[in-house]
Amino acid sequence: MSHISRRRRFAALPLLALGLVLAGCATVPPAPPPAAISAPAPALHPSGTTGWGFPLYDVPADPAVRFFRLDNGLKVAVMPNATPKNTVAVRLGFDVGVIDEMASEAGLAHFLEHMAFNGSKNVPEGEMIKLLEREGLAFGADTNASTGLEDTIYQLDLPRNDPKLLDTALLLMRETASELTLDPDAIDRERGVIQSETRTRNTFARRRIKDYLDFVAPGTAFAQKLLTAGEDANVASFRPETIRGLYERFYRPDNAALVVVGDLDPAVAETAIRARFADWKAPASGLSETGKGTIDLARPAAARNFVDPGVPVLVTIDRFAPYAERPASEAEFRRKLLDDLAAAVLERRLAIIANSPDAPLIGANADVSDFFDVAAQASLLIQAKETPGAWRDALTVGETELRRLVTYGVTEAELREQLANLGTRYRTAAEQQATRRNPDLANAIVGTVQHKDIPVAPATEYALFQKFAPALTVAEASAAAKAAFGGSEPLIHVSTKTPIDGGEDAIMAAWRAAAAKPVEPPKAGRALAFGYTDFGPASAIVSDTTIADLGIRQIRFANNVRLNLKRTDFETGKLRFLVRLGSGQLAIPKERAAEAIFIASMFGTVGTGKHSLDDLQQILAGRQLTYGLGITEDAFQLRGTTTAADLATQMQVGAAYVSDPGYRPEALAKWRALVPAFAAQIDATPQGVAQSKVPSIIANGDPRFGIPSAEAMAAVDLDQVRTDLAGQLATAPIEISVVGDFDEAQVIEAVAKSFGALPPRAQKLDDFTAARQASFATSTAPVVLTHGGAPDQAFVQVFWPTRDDSDPQAVSTLALLSEVMGLQLIDEVREKLGATYSPQAISELSDTYTGYGTMMAAIVAAPKDANAIFAAVEAIAKDLRDKPVDADTLERARRPMLEKVALNRRENGWWLNVLGESQLRANQLDRYRTIEARLRAVTPAMLQAAAKQYLVPEKALKIRIVPRPKVTVSK
């Protein structure tokens, strides 16, 4: 389901997934938008409007969605959908967000969202989450809420579709709608939690987005309100009556939408909704519209330099044009298609440049859409290398390629390549329409409310693509590119770790210097043919068996390549595949552990002997493929999703990377360009430091755990990688698994002609006994690490040594013990101390390293609270050792785990893991058969015994990660 409307309110930042996390939701900068090529006004569709009163033209809304309004004005949508089976997604959205707050209310919408979980007329404070846990919903995963710039959304993902649970969900949503108590004491207790969340979200990415919005859109509410949202001073001082004022102003039925999507009877759902929500009274007073402000389209070219030690070097070039309201129509779809083609061509050109060894940039993202409802926006975002002056060279490339596109347009080859890629996107969405996921659909429907969009079925969009794509011409696509990337004078935002000499003047000088140089037409592409269609004679099948109770077919070819198949109806038109090869990180010497990070990040870029990655993407345009290999502790692997039509090509691509990897120099050049930015990003938050340094500390200094130093990563050598992988790629066992919607005979043929045609593989995995040794830290002296991020952020961790995963019951017992500890951390550290937003407890028992495992408690907090948190964790561990867990706590921990297992059995991704080693490690299959039984077998006494055995205070290793003191240089 998608919206033909041009509004994409947030665009993805590329490469490092730089995101702004605002009030519980991950958001990123307002996205690029539609521009010019005017479309004629569509004739009004005979049906007139949806049940919400939104206008319909010549594109129908998704017919599966039933829209209606209650008499009080509440918008309701109900959609029957059975993926995952027997589940339901519920969303309640309000048209209130950060931009709706008055100056004195900055951060208040988010504060109110938190209070929805802290007491209402019929659900006492502290009971809502517990009630849902008893029903199998996990806090955070299934029970959550988010506050964005324009809206607030509450979500419940129900693991069962029984009417009682649905009614409980509707009750809780109804309580949120108008029955919150907003108790002053509860408000005071929540202040610290919100401040902790604000600290957690205070990353370089969020700071960059604030600065970016203030630069490109200073006259809009989005920039003005975001600058002050969530400030600690505001959170500390909000009075209960102020919170209630916003609640009564915006939480009203005529400002809300309720969406229910799931495996249910729509008539039953409608009856339940009316019973719960019909008595919600709408105030007599009307709602006032929030002014969103304007963007000055006459503004001259301008630049800004944002400086932060954690930020990668990013160059953003924006142009704006007048905003036009364009309803969902065939004409708008065609216009949007042309805009998408223009952005895709520009992005592809920059990707080819980025893959050359001497390129000044690492990657780029181009986009054309709307900046909310304020202006049309065309945006180019480039990540530059970290070398001196690379920002200038990247800006020069960006200006040159933008001008080349606007001046000369697109080529015939570029148009066909991108139409093939877009056609694949629309076709696969249509083929998979019948098994769209309930949470995704619910989110999409509630997301249409803000701008009166309509949800459109993928099959409808694919039909429109088929109608318009064949007739699109180079001239039209070129005109669209010129219109899209025209608009206002450029606004150039450059992010660097240290100030640019000359600041904004230097940026503008670089732009003008680039613009003064002539630009040549794009070069015509080469006609290429795929060089990996024949690997030799296909292998014969020497073994073909079935595991009846699991529905798994297992095949072994004559060359010892193994194939596992499981057909399901969980995802129509889609299959998931996993190729596991050899022993992964175990096969790489400890002293070269950085090679594993290189392989995981860059192996697609090494290409093959016959083709670079760019060539492969050109030759195979329009196919859904995954390139390269990844790596885990005990296997190299290729994992992805594709369609039955593309599986044969996917197997050929995978076999090419295994049998003829290219080890091209551009892969190493890009890797070395990424390392400095990656290292700085790691250092910029306490969580990054924890991810990189703590695992090795816990594992007694073993370099295979965590992330190696920047120096070690930069020292990776392609020839050495080739040497270290040669034996594994040549002869190590290969096990391939395919799950989903496919014809078994076709899959068998595809594998037989690709991997099955390779030279013989070993029949079993090497033991790597020595490499499997790992141990917990011998010293438990407290560890203090530092980070280079915000001064109010610390990360507190406590680790206990446990065991490996060789005993399945121990795995389940310790997993359940960690869930219980997590619940107690929420009660003690979040709710009572108010010292953190999202504490965690995690049990990790290794299936690779003999005897190795840990239990961890992890809490983000203010540095001043670290000692209190350590004390709380110690008290919780002592309590778990000293007395059995009460029955209610055990049930609240166990029930969501059982529901998750039941859901997993209806998920192809889970089955792919089951199949992944089902021949080479066949003894693992019983673990999957017995998960529920093992969880149900855990008793309070077993948990207490595990706590006594493993949560030993003398063995606990305490780690705190605190801000690095600022260095002052005396003059």
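**Before starting.** I am working with a predicted model, where local features need pLDDT of at least 70, side-chain atom pairs count only at pLDDT 80 or more, and totals for chains, interfaces and linings use all residues. Residues are numbered from 1 along each chain as its sequence is written, and side-chain values use heavy atoms, with hydrogens and water left out.

I looked up the largest pocket and found a volume of about 760 Å³. A pocket here is an open set of points on a 1 Å grid over the protein atoms alone, where a 1.4 Å probe fits, with protein on both sides within 12 Å along at least five of seven lines; lining residues have an atom within 4 Å of a point. The volume is the space filled by probe spheres set on the points, which are joined across faces, edges and corners. Of its 26 lining residues, Ile 352, Lys 523, Ala 524, Gly 525 and Gln 618 are the closest to the centre of the largest pocket. I noted that α12 gives the most to this lining, with 5 residues.

**Helices and strands.** My element names follow DSSP runs numbered from the N terminus: helices are H or I with at least four residues, strands are E with at least two.

**Backbone.** I found a cis peptide bond from Thr 83 to Pro 84, with omega near -10 degrees. Pro 84 sits in the loop between β4 (75-80) and β5 (88-94). Leu 182 belongs to the loop between α3 (163-178) and α4 (184-201).
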